[in-house]
Each structure stands twice: as C-alpha cells, then as structure tokens.
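These notes are meant to be read beside the model, one point at a time. Please keep the sequence and the 3D view open while you go through them.

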Amino acid sequence: MNKLILLFSLVLKLSIFAATVHAEHLEQASASCQLTTLDGKPTYDLQELKGKVVYMDFWASWCPPCVKSFPFLNQLEHDLKDKGLHVVGINLDEKIADAQAFLADNPVEFSIVADSSKQCAKVFELMAMPTSYLIDKKGNVRHIHQGFRADESQQLRSLITQLLME
C-alpha cells in the first residue's frame, strides 16, 4: 500500500511539474523556433497555427515508438483536419537523409518540418522521443504526452475532440 501511495504521489508531482514547466504559448515559442522544410527552406511560423488545435509531435528516425505513432497521426489528420486539427511532425534528426529514408518507409499525410537547430526542442523542454504537445486554439499547451503506446490513442483522440469543441 505504501508503494502505491508513493507511486501516486510521484505521478501527481510529475503531472504538476509538467503542467507548470510547459505552460508555454505559441507566441513565446514561435520567437525561438526556426522550423524549416526537410530541405532547409523556411516554413510557417507557429503563430500561423493559432485558431487551430495543434498536435505537435517531435520525432526522429532512430525512435522505434515514432514508427508506431505515424499511422495514428495519419489517421488523426485524415479524420479531424476538416474540424480544425493541424498535425505537425517536427523532426530532430542530425542528418536529414535519415529523416527522408524514414519517411520513404513511413509515408505521412500530415505536415513535416525540421528543427535542425534544436531550438524548438529546447523551448518546449523536450525530454523523450516521441513527445507530443496538444495545443488549443488560443496557443496554450493543454496536454503533453511522452512516448507512444497504441492503447493510449483513444484517450488522446478524446482530448483532441474535446479541444476541437471548445
């Protein structure tokens, strides 16, 4: 029983920590995030996504859970794009060729950008791969999800649907 209480306490503290550390606005983040296409051309500013619910997913080619998450992200884009969801995958590979090879094996239907300077990852205090940030229409981070497990996809979809209705 003591172990259960300790575990619950730890989870609660981590949740509070994550909510306070990552309570960023897109306005603040966009000033520091220099996102590009995979071939290095400047792409949209995060500010352009205000007014939409954004599922922002940091990924890399060497990340096994990322392979598992891409079909889920494709499905989200397909099902919820017309309702106001924008899915964006932010690549953190050192070599763009690795990202391109990954995408050749794992086709995407959502936006892919690169964070070659890793500045955006720093702004969002990225600690694991993949990590997803669910951002509301006002630009507030409302949920952070580290890793990917298929059994959690329904819960994530429910959170997204809830934000789309706000």
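1. Is Glu77 buried or exposed? Glu77 is buried, with a relative accessible area of 8%, where buried means under 20% relative accessible area, exposed means over 50% and partly exposed lies in between, taken with a 1.4 Å probe and protein chains only. The side chain of Glu77 meets that of Lys81 in a salt bridge with an N to O distance of 3.9 Å, a salt bridge being a side-chain nitrogen of Lys or Arg within 4 Å of a carboxyl oxygen of Asp or Glu.

2. Before going further, please note that this is a predicted model, in which local features need pLDDT of at least 70 and side-chain atom pairs count only at pLDDT 80 or more, while totals for chains, interfaces and linings use all residues. Residues are numbered from 1 along each chain as its sequence is written, and side-chain values use heavy atoms, with hydrogens and water left out.

3. The count of salt bridges comes to seven. One of them joins Arg142 and Asp136 at 2.9 Å, N to O; here Arg142 is partly exposed at 42% relative accessible area, whereas Asp136 is buried at 7%. In another, the closest N and O atoms of Arg149 and Glu152 are 3.0 Å apart, and this pair brings together a partly exposed Arg149 at 40% and a buried Glu152 at 19%. Salt bridges that share partners also join Asp136, Arg142 and Glu166 into one network.

4. For the overall plan, the chain has six helices and five strands, which are DSSP runs numbered from the N terminus, helices being H or I with at least four residues and strands E with at least two. Read along the sequence, they follow the pattern α-α-β-α-β-α-β-α-β-β-α.

5. The five strands form an open sheet of mixed pairing in the order β3-β2-β1-β4-β5, where two strands pair if DSSP finds at least two bridges between them. Because β3 and β5 (141-146) stand at the edges with a single partner strand each, one side of each is left without a neighbour in the sheet. Neighbouring strands are turned by 20 degrees against each other on average, direction ignored; the axes are lines fitted to C-alpha atoms, for helices over the stretch in contact, and angles run from 0 to 180 degrees between N-to-C directions.

6. Within this sheet, strand β2 (residues 85-91) runs parallel to strand β3 (residues 111-114), to which four bridges join it, and Asn91 stands opposite Ala114 in β3. The chain crosses from β2 through helix α4 (residues 96-105) to β3 in a right-handed β-α-β crossover, right-handed meaning that, with the strands pointing away from the viewer, the path from the first strand over the helix to the second runs clockwise. By contrast, strand β1 (residues 53-59) and strand β4 (residues 131-135) pair in the antiparallel sense over five bridges, with Asp57 opposite Ser132 in β4.

7. Helix α3 lies across β1, β2 and β3 and runs at about 160 degrees to β1, while α4 lies across β1, β2 and β3 at about 115 degrees to β1. His78 lies in helix α3 (residues 64-80) and counts as exposed at 57% relative accessibility. The C-alpha atoms of His78 and Phe110 are separated by 8.5 Å, although these residues are 32 residues apart along the chain.

8. Finally, of the 166 residues of the chain, 44% count as buried.

Key:
Contact means heavy atoms within 4.5 Å.
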